[in-house]
Amino acid sequence: MQMIHYSSCTAAKLYSLYKALAKAFLCQTRCLFERMFSVRTLEGPYFCFVMACLQLLFLLLMYQRSSSSWSGAFMEKLPDKWDYSKLHDVYFNLSFFSPASTEDLHHCPPKSPLLVGPIRVNFHNVPNMKRIIRKNPYVQRGGLYTPRHCVAQYKTAILVPHRNRETHLRHLLYFLHPFLQRQQLHYRIYVINQAGNGTFNRAKLLNIGVREALKDDEWDCLFLHDVDLIPENDYNLYVCDELCPKHVSSAMNKFNYRLPYRTFFGGVTAVTPEQYLRMNGFPNSYWGWGGEDDEIANRVNYAGMNIVRVPLDIGRYKMIKHGPDEGNNANEKRFDMLTKSHKYWKVDGMNSLEYKCISKQLTSLYTNITADIGEAPIEDKNSVPES
Ligand code: UDP
Ligand code: MN
């Protein structure tokens with residue numbers, strides 16, 4: 001269904017496949033040699049050398065086959081399959097499909113017939129809430145949607161950490177609702193607000209979002225989504241990879257549609273509830289800008305998983321331009337904290353999450369959660385803003 005770039009996950013799978021094949025190959029070849037040369041057992045160094053050469057050859061062949069896509073995700077730009085000069089309006093043909101009667105409802109097909117590829121995204125006009133509501137008549141209270149003409153195969157919760165970014169939120173809602181409807185998903189958008197003016201804590205807000213969302217439904221997938229990132233291709237399906245946490249915003253315009261660095265895990269990511277709990281969620285201790293996404297990438301590995309990435313030609317996002325936020329100065333301790341993350345990940349996360357839910361309102365386009373998340377330790381307050 002999804003053309004995902006299985007960079008590290010595939011490497012692991014390929015390696016175990018290679019081991020199994022090599023073992024079988026070794027066994028078969030030995031039997032053949034034994035028959036051909038009428039010897040009982042072949043254990044000598046010559047035989048081992050020949051086998052090693054054959055294995056090396058096999059490895060080289062496999063590497064050559066996969067190398068174009070293996071390293072390609074972060075080393076070089078893949079050739080574009082998509083023509084981003086031919087764009088569609090995100091609302092194009094959305095009401096084209098009339099609903100079937102309730103008895104006739106079938107499962108939605110594996111590939112939605114509504115997908116168009118590259119979407120026109122710009123931020124010239126800030127849409128008002130009434131307009132967004134009017135354009136999305138089938139979105140239910142709390143920002144919940146379920147396809148009308150088929151039974152959705154998949155349930156995704158979108159979690160957006162938020163404070164003082166109302167304009168960005170309106171852009172996101174305007175684009176994301178029709179985008180997800182094109183994919184025929186059952187979905188719900190949650191916005192998790194940090195109460196007060198204390199130092200912002202993105203990762204903790206996401207932990208809260210997960211906890212609250214899992215009280216509402218058994219979600220197949222959790223999308224952890226910055227408010228200022230708008231997807232540009234509706235083939236970028238908002239579903240999870242069953243085996244590995246998925247980095248979705250692999251190509252952001254801010255970074256010239258490439259990864260800024262090899263292990264980047266910021267912006268938009270997708271995990272199943274099981275994967276999220278396996279890594280003990282996100283750290284609660286990163287106050288201010290930066291570092292938490294790298295710690296999360298570390299956690300994926302500590303919990304014995306790998307990261308998969310959406311290919312660069314599909315995982316494209318436009319970021320709404322903005323300056324530094326008040327109350328979100330760069331976290332000066334982040335580098336130091338990252339060196340210790342392997343010691344603390346099991347005790348700082350979902351199992352240590354404390355907050356006070358101040359309100360949970362179902363608005364027309366999203367579920368609005370406001371939480372008191374406490375304050376950063378005093379020494380964090382003197383950090384310097386990021387330029
Ligand atoms: N954010 C917010 N209010 C703030 C700071 C951050 O809502 O004052 C949220 C918002 O979802 C934003 C995300 O945290 O997209 C990441 O912060 P930021 O956009 O500053 O990070 P960067 O642009 O460096 O990725
Ligand atoms: Mn941003």
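Two disulfides turn up when the whole structure, a predicted model, is searched. One pairs Cys108 with Cys150, and the other pairs Cys221 with Cys240. There's also a manganese ion (ligand 2), with Asp228 and His322 as its protein donors.

**Cys108–Cys150**
- The sulfur atoms of Cys108 and Cys150 sit 2.0 Å apart.
- This link joins distant parts of the chain, 42 residues apart: Cys108 is in the loop between α3 (72-75) and α4 (129-135), while Cys150 is in the loop between β1 (144-145) and β2 (155-162).
- The torsion about the S-S bond of Cys108 and Cys150 comes out at about 90 degrees, so this disulfide is right-handed.
- Both Cys108 and Cys150 are buried.

**Cys221–Cys240**
- Here the S to S distance between Cys221 and Cys240 is 2.1 Å.
- Cys221 is in strand β4 and Cys240 is in the loop between β5 and β6 (246-247), so the bond ties together parts 19 residues apart in sequence.
- The link of Cys221 and Cys240 is right-handed, with 75 degrees about the S-S bond.
- Cys221 has 0% relative accessibility, so it counts as buried; Cys240 is at 9% and counts as buried too.

**Another cysteine**
- Cys357 has 30% relative accessibility, so it counts as partly exposed.

**Manganese site**
- Asp228 is buried because its relative accessibility is 5%, whereas His322, at 37%, is partly exposed.

Conventions: Residues are numbered from 1 along each chain as its sequence is written. Chains are lettered from A and ligands numbered from 1 in the order in which they are written. This is a predicted model: local features need pLDDT of at least 70, side-chain atom pairs count only at pLDDT 80 or more; totals for chains, interfaces and linings use all residues. Side-chain values use heavy atoms; hydrogens and water are left out. Donors are N, O and S atoms within 2.8 Å of the metal (3.2 Å for Na, K and Ca); water is not among the atoms, so sites may look incomplete. Buried means under 20% relative accessible area, exposed over 50%, partly exposed in between (1.4 Å probe, protein chains only). A disulfide is a pair of cysteine sulfur atoms within 2.5 Å. Helices (H or I, at least four residues) and strands (E, at least two) are DSSP runs, numbered from the N terminus.
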